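Here is a short briefing for a reader new to this structure. Please look over the sequence and the model first.

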Amino acid sequence: MEANVVNPMPRIGDNAPSFTAVTTQGVINFPGDYQGKWKILFSHPADFTPVCTSEFMTFASMADDFEALNCQLVGLSVDGLYSHIAWLRTIKDKIEYKGMKNVEVKFPLIEDISMNVAKLYGMIQPGESQTSAVRAVFFIDPKDKIRTIMYYPLSLGRNFDEIKRVLIGLQTNDNFGVALPADWCPGDEVIVPPAGSCGVAKSRMDGEEAEMKCYDWFFCTKNISKEEVESRLGK
Ligand code: BEZ
């Protein structure tokens with residue numbers, strides 16, 4: 001798809017817009033190169049800035065966790081390739097931050113001087129900045145559907161434990177046909193949705209009533225152990 005100013009912003013449930021881009025790991029076709037994987041496409045405002053540096057060091061340090069969850073990370077800013085390369089080298093060679101050092105960013109970082117990809121994904125939000133992307137995070141499932149979108153302003157770094165929790169939550173939604181309550185983490189009780197609700201495949205019609213705890217007729221939960229959740233993640 002060609003990006004231009006009249007592109008509507010992608011929404012949850014939409015197919016991820018496709019594009020070809022130059023990255024620090026070569027040319028990629030997104031999302032086509034990552035068939036069968038979860039994808040997190042995220043933007044940052046600018047290379048060589050402090051909040052972005054802290055974010056990249058944190059995300060890159062957690063890269064093995066996302067790999068184990070069958071998730072490809074792809075970053076983007078409206079900087080050029082040589083800026084990206086110089087910034088990532090500086091991070092690796094010079095920055096020690098919160099116990100992280102020698103941090104190598106192995107996932108692709110898209111150069112987007114044209115802003116084509118940033119516009120395609122609604123990452124340019126002119127009220128915040130006309131010239132750089134906001135901190136956007138798109139969670140895209142193995143069928144290339146957008147499942148969650150987060151936006152943060154320029155001045156506030158993201159919580160990467162929350163990004164990992166959301167990915168695990170989406171995979172748990174899909175694998176167990178359950179909804180997840182506030183602050184859910186693996187091992188916490190899950191919500192058994194009434195038939196036909198919440199867009200999940202399974203429901204209370206599946207004969208699971210015996211295992212359920214009901215707070216009221218519309219609010220029933222059951223237990224799924226942390227081990228059981230973890231055994232099905234990454235699918
Ligand atoms: C930062 O990453 O530190 C930053 C980037 C753009 C505007 C403000 C802060």
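The notes below cover a pocket, a helix, a strand residue and the cysteines.

This is a predicted model, in which local features need pLDDT of at least 70, side-chain atom pairs count only at pLDDT 80 or more, and totals for chains, interfaces and linings use all residues. Residues are numbered from 1 along each chain as its sequence is written, and side-chain values use heavy atoms, with hydrogens and water left out.

**Largest pocket**

- The largest pocket holds about 230 Å³ of space. A volume is the space filled by probe spheres set on grid points, which are joined across faces, edges and corners.
- A pocket is an open set of points on a 1 Å grid over the protein atoms alone, where a 1.4 Å probe fits, with protein on both sides within 12 Å along at least five of seven lines. Lining residues have an atom within 4 Å of a point.
- The lining includes Lys37, Asp64, Phe66, Glu67, Cys71 and Phe107.
- Helix 2 (63–68) and strand 4 (71–77) are the elements that give two or more residues to this lining. Helix 2 gives the most, with 4 residues.
- Helices (H or I, at least four residues) and strands (E, at least two) are DSSP runs, numbered from the N terminus.

**Helix 1**

- Helix 1 covers residues 50–61, 12 residues in number.
- Buried residues of helix 1 include Cys52, Glu55, Phe56 and Met57. Buried means under 20% relative accessible area, exposed over 50%, and partly exposed in between (1.4 Å probe, protein chains only).

**Isoleucine 110**

- Isoleucine 110 lies in strand 5 (residues 109–111). At 0% relative accessibility, it counts as buried.
- Leaving aside neighbours within four places in sequence, its contacts (heavy atoms within 4.5 Å) include Phe19, Val22, Leu41, Leu76 and His84.
- Asparagine 29 is 81 residues from isoleucine 110 in sequence, and 11 Å away C-alpha to C-alpha.

**Cysteines**

- A search of the whole structure finds 1 disulfide, a pair of cysteine sulfur atoms within 2.5 Å.
- Cysteine 214 and cysteine 220 form a disulfide, with sulfur atoms 1.9 Å apart. The torsion about their S-S bond is about 105°, so the disulfide is right-handed.
- Cysteine 214 is partly exposed at 46%, while cysteine 220 is buried at 2%.
- Cysteine 71 is buried at 5%. Its closest cysteine sulfur, in cysteine 185, is 17 Å away, too far for a bond.

Technical notes: The expected span of a helix is 1.5 Å times one less than its number of residues.
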